[in-house]
Amino acid sequence: MSSASVIYLDFNRTTPTAPSVIEAMQPFWATHFLLPTQMHTEASAVGEAIERARESTAMLLGCEPFEVVFTSGGTEANNLAILGMFGARGAGRENHHDLERGESPHALVSALEHEAVLSPVRQLEAAGWDMEVVKCDARGRVDVDEFADHIRPSTRLACLQLANSVVGTVQNVRQLSDRCHNWGIHVHCDATVAAGRVPINANQLRVDTLAITGHKFYAPKGVGALFVRRGLTLQPILHGESREMGLRSGADNVPGIVGLGQAATLATRCVDEAATTLSGLRQRLVDGLDEMLGGQLVVLGDTEDCLPNTVCLELPGDASRIQRAARQLVVATAESSSPPDEITRTLRAIGRTEPQIGRTMRISIGWTTTHDQIDRAISLLAEATECPAQ
């Protein structure tokens, strides 16, 4: 970032590309620029690099390489999982002959889902599905029993994110998958903010599809991946010259895919060590602020089952001063978010009022965050709440 005075604490929004990732990508801009389908010896080397990246991504996701489909990011991965399973085949009730007469197919989504999940499900709804939103509690946790209570004989799709980007709560996706699979329900998991922060094993989670995006874990923007459980048949949502096991069209983003693979290797190797460091920095922030604010700090979300780098804080004092501090820190607030919908929707879903939302910020720490930055953030926030550091 350009200004040394600005403290970047918004790593859940996006991360910088790691130096080793940039280095791995470099040859594929100009030297190894061919497409893997070209009839040339250099093209085979490009194809091998893509497959190595697929293997590395599979290691990150705890699956087989052939279960990994590269995409342009998390949005496409989520859309492909949902519309590729249902929308491309025709979503209306006339295309679901196993349903009782007049009964529409039914989709369950948690109240915390990202717009990249909600929008394709709304597209199904426009085509005749019933879409039902399952609430969460004040910690941002979706109760599996309550979710299962909403299952109907007509339920065909269940969407539950692995972790929430605003409050950091990690969901019990495996328990939900077990319940849903007893009914033959397709389970999709948006793991975009969880990748690289907590271990992921798609097969142990028993999900059918799972989406990640590179720019959340130090890979470049414009590349992501979708786990597609073996034996599952999806239809493409983009049409043209076939790529990625017939599920995508268009030229391969070779530098991006190579970068994603390198970032996946880094994340797989250091996810546990990084989690320890990040959670220590997060606790330093919470403890320091709580001490300076005299116990007036409110920490939102589940403080036990949560992302190690994420904390959502409601501060005392004037909302406008807090928002000005947020702009200097570069953190996520309802005011700073563009669009603000995800943060506002999440905070409303856990029962926060509009005045409380105005005093709330999501701080997400990254690999480059230092103790000094945390201490400076504590002082700045204490000053913004008119409780200057002692």
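User: How many helices and strands are there in the chain?

Analyst: The chain has 13 helices and twelve strands. Helices are DSSP runs of H or I with at least four residues, strands are runs of E with at least two, and both are numbered from the N terminus. This is a predicted model, where local features need pLDDT of at least 70, side-chain atom pairs count only at pLDDT 80 or more, and totals for chains, interfaces and linings use all residues. Residues are numbered from 1 along each chain as its sequence is written, and side-chain values use heavy atoms, with hydrogens and water left out.

User: What makes Thr57 buried?

Analyst: Buried means under 20% relative accessible area, exposed means over 50%, and partly exposed lies in between, with a 1.4 Å probe and protein chains only. Thr57 has 0%, so Thr57 is buried. Its place is in helix H3, residues 41-61. Across the chain, buried residues make up 57% of the 390 residues.

User: Which residues are in contact with Thr57, leaving aside neighbours within four places in sequence?

Analyst: They are Val68, Phe70, Ile212, Ala225, Leu260, Gly261 and Ala264. Contact means heavy atoms within 4.5 Å.

User: How do you know that Val68 is buried?

Analyst: Its relative accessibility is 0%, so Val68 counts as buried. Val68 is found in strand S1, residues 68-71. Beyond four places in sequence, Val68 touches Arg54, Thr57, Ala58, Cys63, Ala225, Leu226, Glu244 and Met245.

User: Why is the pair of Tyr8 and Phe11 called edge-to-face?

Analyst: The search of the whole structure finds three aromatic pairs. Rings of Phe, Tyr and Trp (its six-membered ring) pair if their centres lie within 6.5 Å; planes under 30 degrees apart count as stacked, over 60 as edge-to-face and the rest as tilted. Tyr8 and Phe11 have ring centres 4.9 Å apart and planes at 70 degrees, so the pair is edge-to-face. Both Tyr8 and Phe11 are buried.

User: What makes Phe86 and Trp129 an edge-to-face pair?

Analyst: Their ring centres are 5.0 Å apart and their planes stand at 70 degrees, so this pair is edge-to-face. Phe86 lies in the loop between helix H4 (74-83) and strand S2 (106-110), and Trp129 in the loop between helix H5 (115-126) and strand S3 (130-134), so the pair ties together parts that are 43 residues apart in sequence. Phe86 is at 7% relative accessibility and counts as buried. Trp129 is buried too, at 3%.

User: Is Phe33 buried or exposed?

Analyst: Phe33 has a relative accessible area of 55%, so Phe33 is exposed. Its place is in the loop between helix H2 (27-30) and H3. Phe33 and Gly351 are 318 residues apart in sequence and 51 Å apart in space, C-alpha to C-alpha.

User: How do you know that Pro236 is buried?

Analyst: Its relative accessible area is 17%, so Pro236 is buried. Pro236 is found in the loop between S7 and S8. Its C-alpha is 5.7 Å from that of Gly84, although the two are 152 residues apart in sequence.

User: What is the phi of Tyr218, which is not a glycine?

Analyst: Tyr218 has a positive phi of about 75 degrees. Tyr218 sits in the loop between strand S6 (209-213) and strand S7 (224-228). With a relative accessible area of 7%, Tyr218 is buried.

User: What makes Glu244 buried?

Analyst: Glu244 has a relative accessible area of 9%, so Glu244 is buried. Glu244 lies in the loop between strand S8 (242-243) and strand S9 (248-249). Its phi is positive, near 50 degrees, in a residue other than glycine.
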